[in-house]
Amino acid sequence: MPQWDSFISVRMKFKLIKKSVGVALWFLLIIPAISVAQQDPFQLGKVSPEEVKMKVYALDTTATALVLYDYAESSFLFDDNTQGQFKRIIRIKVLKKTGLDEANIEIPFYKQHLNRKEEVLDVQGFTYNLENDQVVKTKLENNGIFEDDLDGNRMLKKITMPNVKVGSVVEVSYVIISDFFHYLREWKFQRAIPTAWSEYRANMVPFFGFKQVFSGQPFPFHIQESKEFVHSAGINKSITRRDYVDVNVTQFRWVMKDVPALTLEPFMTNMYNHVPTLEFDLALIQFPEQKPNYITVSWQDFTKERLTDSRFGRQLINAGYLKKTAQEVISGKTDTLEKVKALWDHVKNTMEWNGKQTMLSENIKKAFENRTGSSSDINLLLVAFLQESGIMASPMLVSTRQHGLPHTKSPMLNKFNYVLAYVKVGGKEYLLDATNKDLPFGMLPYKCRNGQGWVAVSPAGKWVPLIGTEKNLQLVTGKFEILPSGVLHGAIEENYLGMSALNKRAVIRELGEEKYLQQQSLRQAEWETTSYQLSNVQMLQQPLQTKYQAKRIGETQPASVLYISPMFTHGVSENPFKLTARQHPVDFVYPEEKTFTFTYQLPEGYEVESLPQNMSVSLPESAIKFSYVVQMVGKNLQVMSRLQINKAIFNPEEYASLRELYNQLVAKHSEKIVLRKKS
Amino acid sequence: MKNWISALMLACVASVGAWAGGGPEYSALTIKSALSKGADAVIRQEEVQFTVLSAKSATEKVRQVVTVLNADGKEHATLVVHYDKLNKVDYIRGTVYDMTGKKVRSIKNSDIRDYSANGDGTLYGDNRVKVVEPTHSTYPYTIEYEYQTTSSNLLFYTTWAPISGKKVSLEKASFTVQMPAGIDLRYHEQQLPEKASISEVNSKKTYSWQLKNVVPIETEQYGPPFYELIPMVRTAPTTFEVEGFAGSMESWKALGEWQNKLNAGRSQLPDATKQQVLTLTQGLATPEEKIKAVYQFMQNRTRYVSIQLGIGGWQPFEASMVDSKGYGDCKALSNYTKALLEVAGIQSHYAIIYGGDDNRPVIKDFPSSQFNHVVLCVPTPKDTIWLECTNQMADAGYTGSFTGDRYSLLVTPEGGKLVSTPKFTAQDNTQKRLVKVKLNSQGGGVGEAVTVFTGRQHEDRTEVLNRLKPDEQLKWLYKATDIPSFEIKKFTLEKVKGVPQVNENLQLELPRVASVSGRRMFITPNLMNRRQSVPLTTETRKHDVVLTYPYYDVDSVEFEIPAGFKPESVPQPVKISSVFGEYEAKVNMKDGKLVYQRQLTMHKGRFAPDRYAELVEFLKKVSRADQQQVVLAADSI
């Protein structure tokens, strides 16, 4: 959602008088509602017979529907108010029955209150069908247009097109007039169905400097151009007075052609990171004969703005009300890191997170008094506590995984949606979050592991990679006794550290220890497990530990040959990368090491007939490494499997080798030990 | 003197006692440990007063006091009041109390949020909610709400179910219904310790129910759903009126008559469409052929769009409107199809039903609005054909998991009739598979798996065929196929026309179908249909064992073995039979091939709680048998 924040009160105040016309003009003249029609290939109602006759889309014969073209143009209107105008025409071809839903179109818009709102006007639509070789047109009527007020701010106009069948072409046009002129609508060039032509034009005026920010897959522009022209704009001074002003308009035009449908794959960060998107960020407002008002230009300015923002940096000033508590918390501590830990612990344990993910705060003092708040209330409060205790701490802006990657090239506030506390002690950086009670000190929450975070520190801020520094370990050991009947008895100890522990602790918090352990008892028919013990649930810096006894059901009679699956229940039985090809990077989110060691005491009178062979495979630079070792340790047989995932993101080029490594791992984990009774 | 003191103290105690018994208790400290155990929230008191003013209007006044014990109980502090054009919210008040019962603050108007409640699938509706989400940082705390709604849609009376979720206990609750003079309330009780108490003043009857000290209710694996386990009173009118349409619910017949009134005069079709239907059906010999033709005609010119308008959302659009716009919701499309069939000389019935695979049972002896969907029922001399009119790709007559095996209210010219839709046995929902694998001496192989899915087992794949593009179908098959390591070289999925059946063919590369250790090869001959997990064993099973989905699986897997290898160990045949189902698996050598055969039948049924252990044992045995391995050994080296 757009951030209206600080610009809301900016209104046009024209002082200039160039050409005065003393005539009563009842209509409102529109600036660049420029007549681009003659050069615009797309017009409402001008559907070609070929489009209606089309049966398949040659570039994707499996497409259920196709965006024939999607066109929008943004402009500014000036009457006694400044407004934004967004005109759109979209034409869609339905190719299959499952594409019929594309004939239901939603237009999101926004209202703040009666005087600050957006309006969707001039909604028109037609459905075109081929009947007896003739193109027949059905008009969208008002009973196919609905409006839904989602929450008092977010609105939806919903359109359902009439008479839609497989083969229909539907076309809708509308105009949004917006009081939020500083918010220029973004444009996405890709959808779940293919797009033959996607075009966006923005008619920029010198009063507003917008930065253009492009993100997503670097799909090439078919056309990218701009041209300039002068337009005369009328401004109503009063009912009887009207001023004219010449405005230089720059029209930017971006076109993408033949954009394929968006595809989804498992282990993806956020599919919307990949959609080619054009966004705009207001950097400058400058009306003639007025001082320029820079919104965001450089990182210096952006930093300054953040630090003086009443809902961000200002919240950290005058935090004297925290002094007493802060002193109590750190009293007796001399080591800076110890102080940081104590303060973080205090905020984490006394503040209740209300579940809302935010980046700005109205009043952290109030949150402190109520002992509850949003994520930014709590984490800004933590920064304030640290600063108040004389520790160099700064707020860090983050974009969560769900929110997409932030733009590192250009300062854009709405590309962030979360705040962490940033501290540097003894040359080491700590990224702190006090909203999650199960989070150990210094561990980065899962949702924040997304590219880089930006530390709001003078003069120009800095980017810091959002990579966890914690150790992620899964360590499982088991000692088994094999009976001549193939029955196995064992004692198992599982240790989890890092993200896996965090996830398990969250489940324990949710279910309670008793229920959690009940659910741990193995659901595999071959094994029975008992005597569960759970330790270190509250000791967040310690590994979460589970101990239990296991018994494998075997035969009742001794057998002369015994086949043992040595991986217990920890064998990877299926390759998680089933598909043979990959388009997007694989994201493991964090590096991790999983080590399983199982020791087997052989039954009296039996000997090893065959063992799995040792193995070690890895990808270049040990990005991922798997090793498997079987050896006799004294009289016992020991099997050790270790998987080290040393980096989080693997590129599509690495996919084939990653998949093959897992193939070998799965195969190795299914291998058996064969024991034979000595003759 | 001494007596005087004790008398005074007695009076004090008595008055405190009286207060505790009557008014709500806000202090969290007085909750009995029996009630707080295993609970995230405790309903301290809930009073619901439902007052029927006339056939047209009623008010519902609610007071609830809830103590939230911990962060997981937060959702129970949230108030959600639904409203729409016919149901107004008169007021909402709320107060937050701390642990000791001291008032912290009142809920302000600005705390009450207002949202659309139409949901993503709905294009238009007027459902909205008012929501209060109080936050308080220290647990436990208590929240009290009072609100009132007024309804002018008396098709629905209130359903009282004070236990709002799992991990919630209840101290006391009451439900009172006051009826207008001379009119009785119709009601249905479930899981209640005490029946209704009824009083009468000036021929106005008041019905009331009480509930006290209810500990948290939990669901169990293979158990009844939560809504069956909680105390509940459903109420319904005898006579009612919605937006000028009066009706009676005394019988299913009467409820059907009311729907007839709503549907009356809504089946007009333009002449051009009538002519098309006649041309289409004239040459067809049997009613079945005509029904299919008309159904497909409807499917090809309409699409499903959810627009909830008219008489509380219960009146269909006119058939002529569907005809000109080409869309409608379940009511509109069913009514339209009914009109089309009529042109072809075929009578059908608008059939109101509960759509959903959770198949909530209709309470047969309690005529009331228990449904959420409409289909069309077409009786023919041979059979009854059910038509799902909201699906452009469905086969005529298939009901399956969405509308099969349940009661539907037919709206016939003679009024409503409750009838059953088709029932299914395991033999209707089958998966029959033949796999042929050619194994090499390195443990790899190639294979072909041919599977026929029918009934409920064909539904997923039909959806996949209808909704997904071929590359997405392949991705889905990768997910749905359960083999440790494989590649799908080629696949075909084919829906058999007119029958609930999908044929699947997979050409497989199986690089590690057998695990090689030295001169031995280990194969799990059940290649694609292993039961991996079993339900948890519990010592105290409380509820019935419920199996809702009968099915029958047959697997045959043939392995061509590389030269020089011979079976060293082959599992014994397994045959298990129980009330829940039957299982059989065996491995044989046949013409130099290793042949595995498995059959599993699971029945539908409801069994006493003490049979649960048997079910677990049965499934464990099945799972164990499914994992059994064949050991092949090369001739000695």
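Predicted model: local features only at pLDDT ≥ 70, side-chain atom pairs only at ≥ 80, totals over all residues.

Helices (H or I, at least four residues) and strands (E, at least two) are DSSP runs, numbered from the N terminus, and two strands are said to pair if DSSP finds at least two bridges between them. In chain B, β13 and β14 (residues 204-214) are joined by 5 bridges and run antiparallel. Strands of a sheet pair through backbone hydrogen bonds, either parallel or antiparallel.

These two strands belong to an open sheet of 8 strands in chain B, with the order β5-β4-β9-β2-β1-β11-β14-β13 and mixed pairing. At its edges lie β5 (103-106) and β13 (197-201) of chain B, each of which pairs on one side only. From one strand to the next, the twist averages 15°, where axes are lines fitted to C-alpha atoms, for helices over the stretch in contact, and angles run from 0 to 180 degrees between N-to-C directions.

Taken as a whole, chain B has 12 helices and 39 strands, and its C-alpha trace spans about 110 × 80 × 45 Å along its principal axes. Of its 637 residues, 37% count as buried, which means that 20 or more other C-beta atoms, placed from the backbone, lie within 10 Å of the residue's own.

Chain B also meets chain A: 46 residues of chain B are in contact with 47 residues of chain A, two residues being in contact if their C-beta atoms, placed from the backbone, lie within 7 Å. Among the elements of chain B that each supply at least two residues to this side are α6 (287-301), α10 (456-467) and α12 (612-627). By class, the side of chain B that touches chain A has 14 nonpolar, 18 polar and 14 charged residues; here Ala, Val, Leu, Ile, Met, Phe, Trp, Tyr, Cys and Pro count as nonpolar, Asp, Glu, Lys and Arg as charged, and the others, Gly among them, as polar.

Conventions
Residues numbered from 1 in each chain as written. Chains lettered and ligands numbered in written order. Buried ≥ 20, exposed ≤ 12 C-beta atoms within 10 Å, placed from the backbone.
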